[in-house]
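Subject: Structure handover

Hello,

Please find the structure below. My notes on it follow.

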Amino acid sequence: MDLSTISLSSSLSSSLNQLSLRPKPASLFGIFLRNNPPPLFSRPNHRPIAAALQQSQNDDFVLEDVPHLTNFLPNLPSYPNPLHSSQAYSIVKNTFVSQEDVVAQNIVIRKDNPRGVHFRRAGPREKVYFKPEEVRACIVTCGGLCPGINTVIREIVCGLNNMYGVEDILGIEEGYRGFYSKNTVRLTPKVVNDIHKRGGTLLRTSRGGHDTQKIVDNIADRGINQVYIIGGDGTQRGAARIYEEVEKRGLHVAVAGIPKTIDNDIAVIDKSFGFDTAVEEAQRAINAAHVEVESVENGVGIVKLMGRYSGFIAMFATLASRDVDCCLIPESPFYLEGRGGLYEFLDQRLKENGHLVIVIAEGAGQEYVAAEVPAVNQKDASGNKLLLDVGPWLSDKIKDHFTKAQKMPINMKYIDPTYMIRAIPSNAADNIYCTLLAHSVVHGAMAGYTGFTVGPVNSRHAYIPISRVTEKQKTVELTGRMWARLLASTNQPSFISSDLEGVVQGIDSLNITSI
Ligand SMILES: Nc1ncnc2c1ncn2[C@@H]1O[C@H](COP(=O)(O)OP(=O)(O)OP(=O)(O)O)[C@@H](O)[C@H]1O
Ligand SMILES: O=P(O)(O)OC[C@H]1O[C@](O)(CO)[C@@H](O)[C@@H]1O
Ligand SMILES: [Mg+2]
């Protein structure tokens, strides 16, 4: 295959760019961090952390710390954590997380490896920086829907109330613009009691409308002193700007982000809440497609799943199903014609089995669709590029191939369950996950941390600088074992020609860590 005929999809080139040619020794990295802290890197305000940083001079232990209110309000008083007298927590052996407890970002290391990046462990601290009776908290939800948003809302409200005795909790309606264009709603354990059984968000959501000055003016005017922001990468960028403005104004306000997106494209954390529910629900659509196509002659099923820039839902739904013959994702190129192309594969698979199922992420193949339909280049209210609909495009291309080129009629069944999958309530596992997320973020804000997000890093919840989760979108690693497992399970072509394969393998053999 002539390499020049494969225009590297933007997602493939970004995948290959993932493998940066960065020198290994983390001591450079460690020194880099200490001398060039990320924007929200705070000066340590606790003796133990300073000691840890001192320690890092020796063994490249790097703490990516999160800001604390005392960084810019040094005389802020602290109080004993009310959990000291909580009946539920009184039997817990180590109720409080030590200031020295950190979570390692890399847990597969070798004896001589530097210890690398660590984050503060999430959880209750001995001291809090808010009197419960003085807390006025608010919760806002932004961006696309995802299973579990209501569970996070519920557990923030119940966590604040049951663990810390906080009564004054407000809901901001319809995303960021709700701060300055809507009345607030009061949230109590009674109001949120059963919302976890419903999909969507009790507070409604929106895109666009982020006006940092107007939002912070409103926070100050309303006397709000804790802000819980549930949203994806865009929302968290907005949360960072709110935190920076709050710090600039010297307000006693904790700003905390809870990462949310069905695409699971949030960096650093193991996975985003609702992702497992979405993968589970996608099985119903894939199964329906498989039943349809195996019940007719030459049945071809296409199921389009969400995944604007990252193909995690498509990849995991395919691996879970085992009824999928080909999975197409934004990160991996594919081409239709010629040796090793999709048509060749479909011809062969239809001859072998008489039916097949394709799963395609909505962000896959955009450059091919754009080559055939007038570019729209429209953006949504948040500035995200609107996708061209690759599902019907692929369905038509395959139908044309078989009816015109192969003179063989096929039975095409196209299913688009994208919104069905993200509008459902979270499953049991995600409900537990959402509860831990909500408790972690409440403990963090009460302990005076701010400008942070929260999530599991190697399955231990940690406080992560917002800049870390927004610096890049997490994408599927084409040279990773999970994608290899997928290729082995579907037996689909890799669509990476032998010429390019050499390049990708070469990068791999240099044992370059992908960022
Ligand atoms: N760079 C940014 N700075 C400030 N605010 C932003 C930024 N990017 C997005 N926002 C705001 O965050 C909110 C949500 O952003 P967006 O629509 O991109 O969804 P998201 O949070 O990325 O979630 P998802 O990807 O799951 O849909 C919007 O109100 C948008 O105005
Ligand atoms: O919610 P909207 O504006 O229809 O946008 C849909 C997009 O939102 C997401 O669900 C999350 O970003 C994407 O997977 C999808 O492309
Ligand atoms: Mg987003």
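I start with ligand 2, where an oxygen atom is 2.9 Å from an N or O atom in the side chain of R207. A polar contact here is a pair of N or O atoms within 3.5 Å; within protein, one must be able to donate a hydrogen and the other to accept it, and residues adjacent in sequence count only if both atoms are side-chain atoms. Ligand 2 also has an oxygen atom 3.0 Å from a polar side-chain atom of R308, and E362 places a polar side-chain atom 2.7 Å from an oxygen atom of this ligand. On its own, ligand 2 has 400 Å² of accessible area, and the protein covers 79% of it (Shrake-Rupley method, 1.4 Å probe; for residues, only the protein chains shown count as cover). Around ligand 2 are R207, T261, I262, D263, M306, G307, R308, E362, Y419 and R422, where a residue is near a molecule or strand if one of its heavy atoms lies within 4 Å of it.

Before the rest, the conventions. This is a predicted model, in which local features need pLDDT of at least 70 and side-chain atom pairs count only at pLDDT 80 or more, while totals for chains, interfaces and linings use all residues. Residues are numbered from 1 along each chain as its sequence is written, chains are lettered from A and ligands numbered from 1 in the order in which they are written, and side-chain values use heavy atoms, with hydrogens and water left out.

Ligand 1 has 21 residues around it, of which G208, D233, T235, K260 and S382 come nearest. A polar side-chain atom of T235 lies 2.4 Å from an oxygen atom of ligand 1, and for S382 the corresponding value is 2.6 Å. G144 takes part through a polar backbone atom, 2.9 Å from an oxygen atom of ligand 1. The protein buries 88% of the 620 Å² that ligand 1 exposes when taken alone.

D233 is listed by UniProt, in an unreviewed entry, under "binding site"; UniProt positions are given in the numbering used here, feature names are shortened, and annotations may be inferred rather than shown by experiment. D233 is found in helix α8 (residues 233-249). With a relative accessible area of 16%, D233 is buried (buried means under 20%, exposed over 50%, partly exposed in between; 1.4 Å probe, protein chains only). Leaving out residues up to four places away in sequence, D233 touches I266, T470 and Q473 (contact means heavy atoms within 4.5 Å).

The chain has 18 helices and 16 strands; these are DSSP runs numbered from the N terminus, helices being H or I with at least four residues and strands E with at least two. Of its 515 residues, 56% are buried. Among contacts with a separation of 6 or more, 79% are between residues 24 or more positions apart. The chain exposes about 22,000 Å², 50% of it from carbon and sulfur atoms.

Helix α15 (residues 428-446) is largely enclosed by the rest of the structure, because 14 of its 19 residues are buried. N427 caps the N-terminal end of α15, with a side-chain oxygen 3.2 Å from the backbone nitrogen of A429. Just after α15, G448 has a positive phi of about 90°.

Lastly, E337 sits in the loop between β12 (326-328) and α11 (342-353) and counts as exposed, at 57% relative accessibility.

Regards
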